[in-house]
Amino acid sequence: VEYRQLQVGESMSSQCPEVGVLEFSCKTAGLLPEVTGECVRHCDAGTVARAGALIAHPRLEHNAQITVECPLGFQGEVTLLCDNAITTVATGTCESQPGCAATGLASEVV
């Protein structure tokens, strides 16, 4: 986040690139300004691993939650949480379903 040169006693706010605001305050001549506030980021689309399952999720806003079903071969659902560009499982589980693999190559038997 960029800020302009400040005079002693002067403050300014600057919007973060994604979420948040930083406040810059010049307290002492010749020193860097004090900075308060926080910049955070949204979560890109991707996958989260849980109990052997790779759970796909869309892009999420910071602090957003989404409930999704477990992928093929697993049963259950999980609630995912975005916290500063990191997506985690907040609640829920994916349990493996017994059976044949869901992916692979098959050849025709004659």
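My entries below go from the whole chain to single residues.

**Entry 1: ground rules.** I am working with a predicted model, where local features need pLDDT of at least 70, side-chain atom pairs count only at pLDDT 80 or more, and totals for chains, interfaces and linings use all residues. Residues are numbered from 1 along each chain as its sequence is written, and side-chain values use heavy atoms, with hydrogens and water left out.

**Entry 2: the whole chain.** I looked up the secondary structure and found ten strands and zero helices in the protein chain. Both kinds of element are DSSP runs numbered from the N terminus, with at least four residues (H or I) for a helix and at least two (E) for a strand. Next came burial: of the 110 residues in the protein chain, 25% are buried. I noted the cut-offs: buried means under 20% relative accessible area, exposed means over 50%, and partly exposed is in between (1.4 Å probe, protein chains only). The protein chain exposes about 7800 Å², and 51% of that comes from carbon and sulfur atoms. Those areas come from the Shrake-Rupley method with a 1.4 Å probe, and for residues only the protein chains shown count as cover.

**Entry 3: disulfides.** How many disulfides does the structure hold? I found three, taking a disulfide as a pair of cysteine sulfur atoms within 2.5 Å.

- C16 is joined to C39, S to S 1.9 Å. The torsion about their S-S bond is about -75°, so this disulfide is left-handed. C16 sits in the loop between β1 and β2 (19-25) and C39 in strand β3, so the pair ties together parts that are 23 residues apart in sequence. C16 is buried at 5% relative accessibility, whereas C39 is partly exposed at 31%.
- C43 and C82 have their sulfur atoms 2.2 Å apart. Why is their disulfide right-handed? I read a torsion of about 95° about the S-S bond of C43 and C82, so the disulfide is right-handed. C43 lies in the loop between β3 and β4 and C82 in strand β8, so parts 39 residues apart in sequence are tied together. C43 is buried with a relative accessible area of 0%, and C82 is buried with 0% too.
- C70 is joined to C94, S to S 2.0 Å. The link of C70 and C94 is left-handed, with -90° about the S-S bond. C70 is in the loop between β6 (65-69) and β7 (74-75), and C94 is in the loop between β9 (86-92) and β10, 24 residues apart. C70 is buried at 11% relative accessibility, and C94 is buried at 4%.

I then numbered the bonded cysteines of the protein chain in sequence order and got the pairing 1-2, 3-5, 4-6.

**Entry 4: nonpolar cores.** A nonpolar core is a set of buried Ala, Val, Leu, Ile, Met, Phe, Trp, Tyr and Cys residues joined through side-chain atoms within 4.5 Å. Which residues form the largest one? I listed ten: V48, A53, I55, V68, C70, F74, V78, L80, V89 and C94. β5 (53-57) and β8 (77-83) each supply at least two residues of this core. Apart from it lies another core of six residues, among them L6, C16, F24 and C26.

**Entry 5: around H42.** H42 is in the loop between β3 (34-40) and β4 (46-50). Is H42 buried or exposed? I found it buried, with a relative accessible area of 12%. Its contacts (heavy atoms within 4.5 Å), not counting residues up to four places away in sequence, include R59, E61 and C82. The side chains of H42 and E61 make a polar contact at 3.2 Å. That term means a pair of N or O atoms within 3.5 Å; within protein, one must be able to donate a hydrogen and the other to accept it, and residues adjacent in sequence count only if both atoms are side-chain atoms.

**Entry 6: salt bridges.** I counted two salt bridges, each a side-chain nitrogen of Lys or Arg within 4 Å of a carboxyl oxygen of Asp or Glu. One joins the side chains of E61 and R59 (2.9 Å, N to O). E61 is partly exposed at 42%, and R59 is partly exposed at 47%. The side chains of R4 and E10 also meet in a salt bridge (2.9 Å, N to O).

Entry 7: P98 is in the segment after β10 (95-96), and it is exposed at 82% relative accessibility. P98 and G73 are 25 residues apart in sequence, with their C-alpha atoms 7.6 Å apart in space.
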